[in-house]
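Biologist: Hi! Could you walk me through this structure?
Modeller: Happy to, let's look at it together.

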Amino acid sequence: MIVVAGEALIDLVPQGTGALAALQLGGGPYNTAVALGRLGSPAAFCSRVSSDAFGEALLDRLRATGVGVSSVQRGAEPTTLAVATVGSDGSAAYSFYVDGTADRLFEAPSALPSGTRAVSFGTCSLVLEPGASAYEELMRRANAQGVFTALDPNIRAGLIPDADAYRARFKSWLPSVSLLKLSAEDAEWLGGTPREWLTAGPEAVVITRGGDGLTAFTADGGEYAVPGERVEVVDTIGAGDTVNAALLHGLAVRDALSARALAELGPGGWTELLGFAARAAAITCSRAGAEPPYAHELVS
């Protein structure tokens, strides 16, 4: 079981000439959970979701994808809204409506689902209080229990009131992180280097560079890179979340969700894993919105 902890929200995404926006189900952790389900990994979602119609739609999609929702808390508060702006190159920027919404009132559960092998964290859920502290507590506790932890900070700068305080908090998470994945843009915003972050705790750091591919840096000094998959980009919404899911799924099928197993992947294993993640992200970029691939679409 791979548990994804974080927000679920509604994306307002521009759609075609004359259309103001279309509603799409989203949120970085939510997209990761959906992608895991489509790839065939046993997965569960851990969050707080509104009992409004948007919240019901969010849960319905998880169930339809085979993602467990027994760890989802419910509340009468509204669902978070994100307004996406898509650039000419398909890249997306976001603004958010988050005051008083359900997902930021998440409380750390007393236990993770039975059989949990990994927990994934990231995005808005680690910024917005009081939920951010609850997710942080869950991350530290999972790591202390020997559970593999993955972090994608997925920076949304407009939500971060104190950049320096967030950067310091990010560094404080690293001793509790097994796998750190982030975009080149996020890495630049955070400051530091993969090697510096590795010394703080993670066994591996994966940097994504859009169409230029992915690079993994490992604690034993390894560096492995693959090029991006060429594709006609519709938009990049959900691409990074798909990478998260593909990495976790790939590690799970290799029985590599532990520090020791991660260290034993070697050049061949890392190149194969990164290539799989690049192919999965390319398929997502070829479609409008966060529509990650199914397992059969990645069979070569």
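Modeller: Let's start at Asn154, which lies in the loop between strand S10 (148-152) and helix H4 (163-173). Helices (H or I, at least four residues) and strands (E, at least two) are DSSP runs, numbered from the N terminus. This is a predicted model, in which local features need pLDDT of at least 70, side-chain atom pairs count only at pLDDT 80 or more, and totals for chains, interfaces and linings use all residues. Residues are numbered from 1 along each chain as its sequence is written, and side-chain values use heavy atoms, with hydrogens and water left out.

Biologist: Okay, what is phi of Asn154 near?
Modeller: Phi is near 45 degrees there, a positive value in a residue other than glycine. Most residues other than glycine have a negative phi, and most peptide bonds are trans.

Biologist: Is Asn154 buried or exposed?
Modeller: Asn154 is buried, with a relative accessible area of 12%. Buried means under 20% relative accessible area, exposed means over 50%, and partly exposed is in between (1.4 Å probe, protein chains only).

Biologist: Which loop holds Asp255, and what is phi there?
Modeller: Asp255 sits in the loop between helix H7 (239-253) and helix H8 (259-263). Phi of Asp255 is near 55 degrees, again a positive value in a residue other than glycine. Asp255 counts as exposed, at 56% relative accessibility.

Biologist: And which residues does the cis peptide bond join?
Modeller: Glu129 and Pro130, with omega at about 5 degrees. Pro130 is in the loop between strand S9 (118-122) and helix H3 (131-144).

Biologist: Switching topic: how do H3 and H4 pack?
Modeller: Two packed helices are described by the angle between their axes and the distance between the axes. For H3 and H4, the angle is about 20 degrees and the axes are 11 Å apart. The axes are lines fitted to C-alpha atoms, for helices over the stretch in contact, and angles run from 0 to 180 degrees between N-to-C directions. H3 and H4 are therefore roughly parallel to each other. Angles under 35 degrees count as roughly parallel, over 145 as roughly antiparallel, 65 to 115 as roughly perpendicular and the rest as oblique.

Biologist: Which residues make the contact?
Modeller: From H3 there are Ala132, Ser133, Glu136, Met139 and Arg140, and from H4 there are Arg169, Ser172 and Trp173. Contact means heavy atoms within 4.5 Å. The residues of the contact of H3 with H4 divide into three nonpolar, two polar and three charged. Here Ala, Val, Leu, Ile, Met, Phe, Trp, Tyr, Cys and Pro count as nonpolar, Asp, Glu, Lys and Arg as charged, and the others, Gly among them, as polar.

Biologist: Which residues are linked in a network of salt bridges?
Modeller: Glu129, Glu136, Arg140 and Arg169. A salt bridge is a side-chain nitrogen of Lys or Arg within 4 Å of a carboxyl oxygen of Asp or Glu.

Biologist: How many salt bridges does the structure hold?
Modeller: The structure holds 15. One of them joins the side chains of Glu291 and Arg61, at 3.3 Å from N to O. Glu291 lies in the segment after helix H9 (266-285) and Arg61 in helix H2, so the pair ties together parts that are 230 residues apart in sequence. Arg61 is buried, at 15% relative accessible area, whereas Glu291 is partly exposed, at 30%.

Biologist: What does H2 pack with?
Modeller: Helix H2 (residues 53-65) packs with helix H1 (residues 28-39) at an angle of about 25 degrees, with their axes 8 Å apart. In H1, Tyr30, Ala33, Val34, Gly37 and Arg38 meet Ala57, Leu58, Arg61, Leu62 and Thr65 in H2. Those contact residues divide into six nonpolar, two polar and two charged.

Biologist: Where is Phe148, and is Phe148 buried or exposed?
Modeller: Phe148 is in strand S10 and is buried, with a relative accessible area of 2%. Its C-alpha atom is separated by 6.4 Å from that of Val119, 29 residues apart along the chain.

Biologist: Last one: where is confidence lowest, and where is confidence highest?
Modeller: Confidence is lowest in strand S8 (residues 92-97), at a mean of 75, and highest in strand S1 (residues 2-5), at 98. The protein averages a pLDDT of 91, and 94% of the residues score at least 70. pLDDT is the predictor's confidence in each residue, from 0 to 100.
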